[in-house]
Amino acid sequence: MQWDTILLEKRNGVGLITLNRPKSLNALNTQLIREMNLALDQLEQDPEIGCIVLTGSEKAFAAGADIKEMVELNFPNIYFDDFFTLADRIAQRRKPLIAAVSGYALGGGCELALMCDFIYCAENAKFALPEVTLGVLPGIGGTQRLTLAVGKAKAMEMCLTARQMGAQEAEHSGLVARVFSQQELLEQTLQAAEKIAEKSLTAVMMIKESINRAFEVSLAEGLRFERRTFHSIFATLDQKEGMWAFIEKRPAKFTNQ
Ligand code: CAA
């Protein structure tokens with residue numbers, strides 16, 4: 001498949017998608033969102049792939065939705081097209097997604113990173129939801145997911161003032177899992193992704209699903225979901241393999257069965 005706006009590579013069970021619109025600082029246009037979803041479809045269907053990494057360039061993970069594409073849109077266009085709903089599919093993926101963010105993650109770029117299961121970033125990362133500056137508001141989940149990640153005070157302040165949050169603050173605020181130097185970011189992210197990809201995909205996907213439940217349902221319902229899911233994993237061969245491998249002091253060989 002020929003990609004115009006992304007690059008797709010596979011390495012040791014990991015799918016790596018690199019946003020590739022350097023002249024626009026990886027601004028998310030319709031084509032890029034479509035290609036990213038096609039690549040994700042491929043990776044989700046590929047039994048060799050256990051984890052997916054999204055990244056951009058050193059200067060920009062993504063500087064937002066494409067303002068030049070949006071400027072002349074009007075309400076009926078975007079209402080009937082259900083603009084950005086295609087982007088929501090990224091958050092609905094079942095295999096784990098890690099964002100490796102260097103440079104700008106602004107507007108839709110920040111929202112894309114927030115759709116991933118966790119974010120690693122470089123020391124030069126800058127996160128912001130500057131839509132208010134353009135006379136609009138975040139439209140790909142930013143008001144919801146940023147608030148869940150960093151709490152109301154910082155989310156309100158960032159969305160209302162368009163302030164950029166740097167890497168250290170993002171780590172202290174719970175927005176990113178870890179900060180690396182520019183040189184280390186991608187390698188460290190791929191290493192983490194490879195570790196995930198070595199595990200039983202069933203267990204990995206059930207963990208992802210269970211943690212995401214914490215944001216959707218009450219604690220009692222979330223605990224019930226986790227307990228039933230835990231019970232059900234004893235129907236897999238990977239549960240036997242993982243536990244016997246520990247007892248026999250050898251590495252587990254998971255088959256996703
Ligand atoms: N959309 C379209 N083009 C963009 C873009 C965007 N979001 N961000 C940058 N570009 C383009 C610029 O127009 C410029 O193109 P030209 O060379 O053709 O003029 C090119 O990328 C390089 O950008 P700059 O010259 O501005 O680079 P800089 O280093 O001076 O500044 C920046 C970098 C601070 C990120 C600046 O580009 C910027 O502020 N970008 C816009 C950020 C923004 O407002 N994002 C939110 C978008 S709205 C949104 O995302 C809505 C939503 O919730 C879904």
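**Rings, charges and strands**

Modeller: I'll start with a charge over a ring: K126 lies over the face of Y104, 5.0 Å from the ring centre. Keep in mind that this is a predicted model.

Biologist: OK. What lies over the face of F225?
Modeller: That's R213, at 4.0 Å from the ring centre.

Biologist: And ring against ring, how many aromatic pairs does a search of the whole structure find?
Modeller: Six aromatic pairs turn up. One of them is F75 with Y79, a stacked pair with 5.1 Å centre to centre and 20 degrees between the planes.

Biologist: How far apart are F75 and Y79 in helix α3?
Modeller: They are four residues apart in α3, which covers residues 75-81, so about one helical turn separates them.

Biologist: Are F75 and Y79 buried or exposed?
Modeller: Both are exposed. For Y79 the relative accessible area is 53%, and exposed means over 50%.

Biologist: Now Y79 and F80, how are those rings arranged?
Modeller: The planes are at 70 degrees and the centres 5.4 Å apart, so that pair is edge-to-face. F80 counts as exposed too, at 68% relative accessibility. Put together, F75, Y79 and F80 form one aromatic cluster.

Biologist: Switching to strands. How many residues of β2 are buried?
Modeller: Six of its six, for a strand running over residues 14-19.

Biologist: Which residues sit on each side of β2?
Modeller: V14, L16 and T18 are on one side, with G15, I17 and L19 on the other. All of these are buried, so both faces of the strand are covered.

Biologist: What about its partners, how does β1 run relative to β2?
Modeller: Antiparallel, with six bridges joining β1 (residues 6-11) to β2.

Biologist: What do β1 and β2 form, and how many residues are between them?
Modeller: They form a hairpin with two residues between them. N12, in the turn, has a positive phi of about 45 degrees.

Biologist: And β3, parallel or antiparallel to β2?
Modeller: Parallel, with five bridges between β2 and β3, the latter being residues 51-55. I17 stands opposite L54 there.

Biologist: Which helix does the chain go through on the way from β2 to β3?
Modeller: Helix α1, residues 30-45, and this β-α-β crossover is right-handed.

Notes: Residues numbered from 1 in each chain as written. Predicted model: local features only at pLDDT ≥ 70, side-chain atom pairs only at ≥ 80, totals over all residues. Heavy atoms only, no water. Phe/Tyr/Trp six-rings, centres within 6.5 Å; stacked < 30°, edge-to-face > 60°. Buried < 20%, exposed > 50% of the residue type's maximum accessible area, 1.4 Å probe, protein only. Lys NZ or Arg CZ within 6 Å of the ring centre and 35° of its normal. Pairing = 2+ DSSP bridges. Right-handed = clockwise from strand over helix to strand, strands pointing away.
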